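Morning, everyone. Let me put the model up, and then we'll walk through some strands and helices.

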Amino acid sequence: MKKELHAVAIERLDSRGRGHGSALAGDDTPRPVIVTGAYPGDTVDVRVRRRKAGAFLGEIEAFHDAGVPRQDPFCRHFADCGGCTIQDISYEAQCDLKHAMVQAAFAEAGFSGQAPLTLPAIPAVLPAPRGTRYRNKLEFSFGAQRWLSETEIAEADAIGDRRGLGFHVSGRFDRVLDLQECHLQPEPSESVRRFMRDLAERRGYSFYDAREHHGLLRLLIVRTSLLEQTMVIVMFGEDQPEAIREVMTALAAEFPDISSLCFVVNTSRNDSLFPHDVQVWRGDPWITEASGPNRLRIRPKAFYQTNPEQAVRLYAAAVDLVGLSPDDRVFDLYSGIGSIALFVARSVASVVGIESVPDAVTAARENATLNGVSNVTFEEGEVETVLPAVAERHGAPDVVILDPPRAGLHPAARRAVRDLDAQRILYISCNPRTQASDIAELSDRYEVTAMQPVDMFPQTRHVENIAVLRRRAR
Ligand SMILES: C[S@@+](CC[C@H](N)C(=O)[O-])C[C@H]1O[C@@H](n2cnc3c(N)ncnc32)[C@H](O)[C@@H]1O
């Protein structure tokens with residue numbers, strides 16, 4: 001296999017934001033080349049990592065021409081951290097990239113412009129109000145084996161501490177990048193992470209070994225809110241009550257303003273918080289967030305949009321596009337802590353939310369009461385299982401709001417949504433690829449009438465997309 005391809009001209013982007021060009025293979029036939037980090041107009045030498053379905057997959061080895069100007073990334077971890085992978089292009093170029101990704105996602109799902117697979121024009125990406133410190137949640141892993149940079153490996157004798165606290169390096173469950181800085185979350189995120197790193201070093205606590213499955217410190221979850229409330233959850237990989245008490249006492253003393261300080265003991269092989277009891281060390285089992293006109297309680301296992309400022313703009317744009325009226329009966333599927341349901345409730349007749357995580361349903365019900373909203377009901381369960389029965393109980397809706405996880409709709413959920421026969425569907429998604437294929441499946445019954453990509457995740461190759469579907473005339 002060729003290890004390096006010379007002067008590949010990049011012609012287009014795919015739905016993952018990767019550049020596509022072509023090069024001659026060993027038998028002199030042209031083959032697709034897919035290059036991470038390359039953009040249309042770039043001409044690059046490519047280091048080939050693997051071949052898949054006849055295509056070369058690789059990364060940029062050297063530039064001949066840059067179609068999109070590159071800039072110095074502001075984070076020292078750019079080269080190693082899998083997080084902010086597009087810090088090296090301007091914010092404007094980032095938004096253009098995301099627009100192209102949405103367009104590509106729908107093209108790849110078959111939206112060719114031939115009926116029924118037609119689309120409206122896709123407007124420019126709605127930009128985020130801030131490019132850094134926009135996230136309200138980060139999950140840092142303690143790792144017994146940290147990621148070593150190429151320089152460190154070259155100077156192998158000098159490596160002392162092999163432990164790390166930070167993010168898993170892309171594709172490596174057992175390697176953690178030891179963060180010195182991260183620009184994604186407001187304080188006290190950085191201070192808490194640094195304090196925990198120092199504390200562990202001073203007291204000699206062990207870090208979790210993902211291969212051997214032992215180690216005291218396992219995860220550090222920090223959630224912040226626009227109301228400057230903070231939740232910190234420490235996950236311990238070993239049930240050592242004395243050490244746990246020491247860690248939590250030290251954290252509580254150093255950060256008296258953390259309003260929800262919690263811990264979890266998880267000795268299972270999986271990092272997930274869901275199966276375990278979250279114990280409150282100090283404060284409340286929630287923090288409160290500002291979301292447009294509402295105040296929302298967020299509980300430890302509940303999802304909330306990770307860019308809270310932009311979430312409100314996302315909801316406002318979505319509601320504007322779908323158009324709601326006081327008679328509308330709405331279903332909000334994958335309703336989380338009730339953020340969308342409560343955002344729309346005052347403009348419609350009723351809202352029924354469905355959500356599978358009990359902590360989120362509890363928060364959603366509390367949030368309805370906290371905000372004095374009485375025309376909403378939250379049902380607990382998986383959409384694919386409970387939707388037909390919920391529709392039976394509450395009657396068919398006029399509008400269905402969908403905001404599923406990245407995987408998109410379960411086939412049974414898609415069928416159940418189709419059977420609702422609602423007049424309008426508002427589909428919000430953090431993964432336009434699955435969104436596009438779900439919408440393609442519904443295209444015989446629904447026409448896409450409006451779209452709006454929204455940037456919720458600056459510096460990353462992620463994009464949120466709103467699509468409005470209207471039932472076709474019969
Ligand atoms: C992308 S979040 C959207 C949450 C909410 N709409 C918001 O804006 O914050 C997806 C939500 O779906 C929930 N979920 C995941 N799978 C589900 C399923 N099969 N049925 C119901 N809810 C599910 C998750 O717990 C999460 O709260």
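Start with strand β16, residues 329–333. This strand is mostly covered: of its five residues, four are buried. Keep in mind that this is a predicted model.

Who are the neighbours of β16? One is β17, residues 350–355. Five bridges join the two strands, and they run parallel. Look at V330: its bridge partner in β17 is V351.

For a landmark, find L333; opposite L333, in β19, stands L402.

Next, another part of the model. Here we have an open sheet of seven strands. Read across, the order is β9-β8-β7-β10-β11-β12-β13, and the pairing is mixed. Which strands are at the edges? They are β9, 176–178, and β13, 279–283; each pairs on one side only. From one strand to the next, the twist averages 30 degrees.

Zoom in on β7, residues 137–143, and β8, residues 164–168. These two run antiparallel, joined by three bridges. G143 has its bridge partner in β8, and that partner is G164.

Now the helices on this sheet. α3, residues 189–203, packs on it and touches β7, β8, β9, β10 and β11. The direction of α3 makes about 160 degrees with that of β10. Then α4, residues 241–254, also packs on the sheet, touching β10, β11, β12 and β13. Its direction makes about 165 degrees with that of β12.

That's the tour. Thanks.

Note on methods:
Residues are numbered from 1 along each chain as its sequence is written. This is a predicted model: local features need pLDDT of at least 70, side-chain atom pairs count only at pLDDT 80 or more; totals for chains, interfaces and linings use all residues. Side-chain values use heavy atoms; hydrogens and water are left out. Two strands pair if DSSP finds at least two bridges between them. Axes are lines fitted to C-alpha atoms, for helices over the stretch in contact, and angles run from 0 to 180 degrees between N-to-C directions. Contact means heavy atoms within 4.5 Å. Buried means under 20% relative accessible area, exposed over 50%, partly exposed in between (1.4 Å probe, protein chains only).
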